[in-house]
Amino acid sequence: EVEEEEEEDEEVEPEIHWKKEYQQKNLDSSTVKNIDELYKVAELAQKELKRVIELMLDEVNGLDDENIEVPELKPRDRAYKKAKEEYRHRIPGPPISWVYDVVRASVVCKSFKQVSDVNKWLSKHAHIVTGKNRFAEPSFTGYRDMLYHVLIPVEGSLAHICELQIHHKDIKALAEQSGLPKHYEFFRSCFAGDVFQGDVLQDLAMMNKYGTVDRKLMDVLMQSEDPAQLKMFAELFREVLIENESALALYKRVSGLQQGLDDDKSIAETYYCIGLVMGAMGDVDGSIKNFNKALVIQDSVLGSEHIAVAETNSQIGHMLCKKCNFGKALKKYQKALRIREANSNDHFVVIESLHDIGLAQERMGDYLAAEESLRKALEIQESFLGDVHPDAAATRHLIGNALCHYGDYTKAMDEHRLALSIRETEVGKNNLMTAESHTDIGIVLTHRGDYEVAEWRHRKALKIRETLRGKDHEECAISLKYLADLLRRKKDWEGAINELTRAQGILNKVYGMDHPLSCESYIDLGIVYLDKGDVDHALQEFRRAKGLLETTLGKDHPDTIAAYSGLGRAHTLQGDSVEALKLLQTAREVFEEALGSDHPAIAATCQYIADALLVDGNLDESLVEHRKALSIRANILSKDHPDTAVSCARVGDMLGRKGDFVGAAVAHRQSLSITAILCGDRHPECALARVRLARILAAQGDFDTAVEEMNQAIEIQTATVGKEHEDTGKSWSVLGCIHSMMDDFGAAQDDQNSAVEILLAKLGKKHPWTVEAKKKLALAEAETKETDIFEPVIQKITGRQSFIEGDSYISPMGRSKKKSSPVAPIPPNTLITPKKTGQGKTVPLPPAGLTPASTKRRSSSKKTKKAAGGEDANGEAGSKKAKKKKKDGEDKKKKKPKKAKDGADGDGDGKKKKKKKAKKAGGEEDNAEGSKKSKKKKKKKKAAE
């Protein structure tokens, strides 16, 4: 069935052209283009093969149903793998059209006469395409049977080639007992080609004698002078048994034997194999060195455009990626792609190059270019494999990841859901690939703030992995890592720590404590401790990761620098800005060298540097760094990316502290808009964005809008995270501060009481948030007006990189020993806005959604400002008024319990509503009291004037 064309050049292997009429056909009777078309016909052909075998049973003496086996169709992944590995160079293509064993059957004969009868029957009644009599010429494993490929009519002119094996029952039983099928799987790829069967069987006997790859076997092999035998065993150790040290020793032995031989091609192959083994062992520099040796010989002997040169360039790219040198790796991948597209009929290696390019572009932060490269790969895959093939699902998984990093969560979710659907259909619901898709969807949902459904996805993936691999497998550590990240975002610190600790235990057991994956888990745990406010434990985890990564990867590796970044943030929390800036500046320099100046990691580092600068009150420098972070994120990420929302909020906070309330309000509204698009306007993250905006509005003097934003925030938090949640408690405290700035000390007391009650129950009396709320309550009770709405509830900077959290955008109070006051407090005279210009005109508010303060509130604010100025001018008068004000406050305190009781006995609208209602239209006693207050205000105004 084979025709060979002679080639004049002995260096080039002759092309083999196979008869086109024996390619598998689709339902239209044309050559199948992908695996879907193949299997549609195979399902019909299986029924017809069973009918043919039934005829054989009727006509061959001694055969019965027990002698016949017709298994299910060959699994798609195995059929695809066989096409890719064995038929990739077969002409004409595609490779999948030459797979004959999707539909299979076997006949077990009781005697050699019965074998002969079956053979005669098939020769007479079936169209045999190929036949192998392995009774006469046994396979390299020594097994004997007869193998036929038979053309089975399906319908009309359509036919399908099926595989039929004829066994002798005694030989089959002996083969199963001696484990020959297992040996076949081990040696099949190694012995494909022109290998003398006697040598093969001797090698098999050697493996059986020594059993395992131990010192005795290695001693025997290292004495061999046969490079072919040594290379065969080295390949077996490397690919199948994962015995890299033994494989490396054998390859080096081969390299020594080849020195002085006039066979440069084989020498290049050996260097290439040594590079593969060293790369697998983690010796990246040694691997690159040997690949380059191979590349020099290949360029000289084979030419720079040879397909082997493309493969070596691709492997060098892999090693450069391990060094995080993605720019150089991308150039190697692009060269490999150019050679493969020009010289190879193998579409699968082109797909491989496009995958490599897409992943390198993603790591460099060029997410849109990555999507483009991966979609090219997907287009080729779907044309040859169909749009529901597992490989197409794997590419959609990669596209979804790139879109997720870019921030286009809607498209990312579409890709991951389609990948999940394909995988559940093609490989089953309980499969590791299916678990991967559940994890992907969980990550996207986490970024969108849908924590409950995301947690269900992550636990589903974890359950599949535990079922298939066991609870201590490294696959389970993947699920635990992302589950812990989700719990951290939900502020379930203990839950996150427990999951990460379990993941650490698995990784340490599988890889060792100093492996980069284990060290990554230490950094993850350090970030959780940072969020929790446990700086000591965070420093412990970051230092452990730093020390181990410096030893294994070096000080200038980006993975090592991630530990530097964590340490810098921890030192910022401690108030040690000098050490923090030293670490973070080093991190930025290394990231820029490895990743370029426009990368998400650079933006995050700029943000952390800005936080460190703020410790010493460097507002201007801090604002510059935050704007750098915002510029990078706006350029390379989607306009609605959560990291962009982070930067907008941080810039808004800095502008607010500098007194630019108009710019600050615009920035915070942009942050709120992005968060609402991502999560929905009823999400807890939106509530936190509203709190940040309310602080700016209050500082601007727009108290009514600020109160409105705070009421919406508290309503959202009560409905979502619960009225007893610490975020709800903090929001009550902020609302109390705003009421205090409005001189509404009664409402301020109620708000701060609510805050203290929640925070005390949730966090305890010693927690900084509880202590801060108690201070605010004392100020409200003393009727002392708030002067710095920007003072944070807790001195805390988040360790979170990818989303918005709590007060993470409210700049921290400095902890430096040189300063004991808050960082850059806003002077009291800047709290009331709009400010007046030289011409007496007010600064106009921006049109983009800022609600102007009511006329009544604005005039009240001006009066308050004038009154404050009058007291400063007349110190003695001011002192008397202050004493009188204090006395009035004490009188109010005495009356308040009775007033609260009346409110409780009323219509049940609550303390706050009752007080406001009483002020507007209360009983006669309240009216009388209001009249007295009005007279007092007039006297104060007159004195001030």
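This is a predicted model: local features need pLDDT of at least 70, side-chain atom pairs count only at pLDDT 80 or more; totals for chains, interfaces and linings use all residues.
Let's start with a strand pair. Strand β6, residues 146–155, and β7 pair in the antiparallel sense, over nine bridges.

Now the turn. β6 and β7 form a hairpin with two residues between the strands. Gly 156 in that hairpin takes a positive phi, near 60°.

β7 has another neighbour. That is strand β4, residues 104–109. Here the strands run parallel, and six bridges join them. For a specific pair, take Ser 106: its bridge partner in β7 is Gln 165.

Buried here means under 20% relative accessible area.

The charge patch comes up now. Glu 54, Asp 58, Glu 59, Asp 65 and Glu 66 gather on the surface in a patch of negative charge. Glu 54 sits in helix α1, which spans residues 35–59.

Then the nonpolar patch. Which residues make it? Val 510, Tyr 511 and Leu 517, with about 220 Å² of surface. Tyr 511 belongs to helix α21, residues 493–511. Is Tyr 511 buried, exposed or partly exposed, and what is its relative accessible area? Tyr 511 is partly exposed, at 33%. The patch cut-off is over 30% relative accessible area, so Tyr 511, with 33%, passes that test.

That's my tour. Over to you.

Methods. Residues are numbered from 1 along each chain as its sequence is written. Side-chain values use heavy atoms; hydrogens and water are left out. Patches are made of residues with over 30% relative accessible area and no salt bridge: like charges are joined within 9 Å, nonpolar side chains (Val, Leu, Ile, Met, Phe, Trp, Tyr) within 5 Å. Accessible areas come from the Shrake-Rupley method with a 1.4 Å probe; for residues, only the protein chains shown count as cover. A salt bridge is a side-chain nitrogen of Lys or Arg within 4 Å of a carboxyl oxygen of Asp or Glu. Helices (H or I, at least four residues) and strands (E, at least two) are DSSP runs, numbered from the N terminus. Buried means under 20% relative accessible area, exposed over 50%, partly exposed in between (1.4 Å probe, protein chains only). Lys and Arg count as positive and Asp and Glu as negative; His and the chain ends are not counted. The place of a charge is taken as NZ of Lys, CZ of Arg, CG of Asp or CD of Glu. Two strands pair if DSSP finds at least two bridges between them.
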